[in-house]
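Hi everyone, thanks for coming. Let me put the structure up, and then we can walk through a few parts of it together.

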Amino acid sequence: MELTGKHLVVGMTGGIAAYKTCELVRRLQDEGATVQVVMTAAAQQFVTATAMQALSGRPVATEQWDHAAADNGMPHIALTRAADAIVVAPATAHFIARVAHGLADDLLTTLALARNRSRTTLLIAPAMNVEMWENPATQRNVAQLRADGVALLGPAQGDQACGETGYGRMLEPGELVEDIVAFFQPKPLAGKRLLLTAGPTFEPIDPVRGITNLSSGKTGFALARAARDAGAEVTLVAGPTSLATPRGVKRVDVTTASEMHDAVMRALPVDVFVAVAAVADWRVANPSDRKIKKNAKATPPTLRFEPNADILATVAALPTPPFCVGFAAESEDVVENARRKLASKKVPLVVANRAQDAFGADGAELFLVEAAGVTPLPHAGKLAQARRLVAEIAARIARR
Ligand code: CTP
């Protein structure tokens with residue numbers, strides 16, 4: 001529940017993407033938000049106010065002159081005063097043009113103009129044909145909105161209802177929710193570059209077999225999302241995993257530890273490096289370029305191993321290293337083992353957890369182990385832990 005306590009005005013203008021707003025309203029409530037829907041006359045050509053009332057659990061505001069919609073008879077003021085944000089989805093080119101010029105000729109544009117700008121940000125999810133989006137008039141209006149402090153959510157690229165392809169598609173409900181949640185997060189890493197490794201590595205034995213481990217990548221991906229939500233520019237070097245890339249994160253996919261090492265080195269310099277990946281310490285020195293066959297006598301093949309570079313220790317040993325954070329998944333003596341890694345890798349912070357929590361589980365208890373002592377982060381879900389950890393990292397780099 002990432003939006004608990006938030007009250008959102010969701011504005012809908014007349015676009016076919018309005019059907020996605022039905023699900024958006026549901027998902028915002030699933031995250032704990034309360035939602036007041038406001039619809040323009042054109043929006044009601046696509047979805048009815050009855051449907052939106054049923055979904056939001058509140059009467060939908062449609063009229064500037066509806067005296068019942070606010071106790072003081074001024075819905076254009078009253079509706080936004082308790083709102084933490086106004087989210088307009090879909091936002092048509094015409095709506096964007098009117099807001100950019102300060103017009104107030106219906107309830108939604110009047111709400112946008114009359115909102116308290118320091119308290120209630122306007123977030124806009126454009127939805128229109130690619131030619132309309134790319135038209136210089138729209139681009140001028142969008143630039144004006146940005147300059148005025150309006151946040152743009154999307155648009156995305158892809159197939160459009162009109163049959164054309166390009167920018168102008170409204171983001172999907174899940175993407176909008178992710179961006180809205182991110183909008184409300186504090187930004188202690190604004191202007192910082194953060195690099196992470198995540199997931200397992202895969203060391204080939206032959207073209208179809210290899211050595212890997214049970215790391216799911218969930219912790220690293222949650223941290224990438226939390227860091228991005230905290231304002232960082234995030235690069236995520238990921239071993240083989242089918243997890244979806246968090247929005248706004250640059251992802252580099254790799255397979256082996258050696259590819260992970262090279263991708264990390266290419267992504268430097270950064271302000272913070274967090275090594276979450278479960279990297280194979282050894283690779284097969286003699287991988288076969290053909291599939292190894294069971295021979296007649298079924299003699300097992302002999303594998304020789306050679307060491308992989310320690311990515312974290314390598315980065316920490318650079319002349320001007322970023323703030324380096326290691327992870328330690330231990331089955332016993334969690335803090336003691338993490339202390340040893342702190343020393344052997346020469347990093348300022350090691351995040352320790354129990355191995356049984358680290359692989360695939362959705363939550364964990366963490367211990368921040370550093371020279372100064374140990375800070376426990378009590379058990380919580382992976383995203384909640386990731387947000388705490390990002391705040392702890394931000395506090396430490398601010399002190400540097
Ligand atoms: N790490 C790395 N490159 C490697 C190996 C590990 O960057 N080749 C990083 C991991 O991402 C993690 C930390 O180092 O942040 C883990 O340290 P390590 O001592 O390798 O952990 P384990 O492999 O669990 O060590 P051990 O088997 O000794 O417990």
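Which residues of α10 are buried? They are A257, M260, H261, A263, V264 and A267, where buried means under 20% relative accessible area, with a 1.4 Å probe and protein chains only. Remember that an α-helix has 3.6 residues a turn, so residues three or four places apart point the same way. The cover over these buried α10 residues includes β8, β9 (203-206), β11, β12, β13 and α11 (311-316), with contact taken as heavy atoms within 4.5 Å.

Before I go on, a word on what you are looking at. This is a predicted model, in which local features need pLDDT of at least 70, side-chain atom pairs count only at pLDDT 80 or more, and totals for chains, interfaces and linings use all residues. Residues are numbered from 1 along each chain as its sequence is written, and side-chain values use heavy atoms, leaving out hydrogens and water.

Back to α10, residues 257-267: this helix lies across β8, β11, β12 and β13, at about 175 degrees to β8. Angles here run from 0 to 180 degrees between N-to-C directions, with axes fitted to C-alpha atoms, for helices over the stretch in contact. Helices (H or I, at least four residues) and strands (E, at least two) are DSSP runs, numbered from the N terminus.

Now the sheet itself. Eight strands form an open, mixed sheet in the order β12-β11-β8-β13-β16-β17-β18-β19; two strands pair if DSSP finds at least two bridges between them. β12 (250-253) and β19 (373-381) are at the edges with a single partner strand each, so one side of each has no neighbour in the sheet. On average, neighbouring strands are turned by 20 degrees against each other, direction ignored. Helix α9 (residues 218-229) also packs on this sheet, touching β8, β11, β12, β13 and β16, and its direction makes about 170 degrees with that of β11.

Two pairings to look at. β11 (residues 233-238) runs parallel to β12, joined by four bridges, and L236 sits opposite R251 in β12. β16 and β17 are also parallel, over six bridges, with A328 opposite A352 in β17. Five of the six residues of β17 (349-354) are buried.

Finally, the ligand. Ligand oxygen atoms lie 2.7 Å from a polar backbone atom of A277 and 2.9 Å from one of L312.

How values were computed
Buried < 20%, exposed > 50% of the residue type's maximum accessible area, 1.4 Å probe, protein only. Polar contact = N/O pair within 3.5 Å; in protein donor to acceptor, adjacent residues only side chain to side chain.
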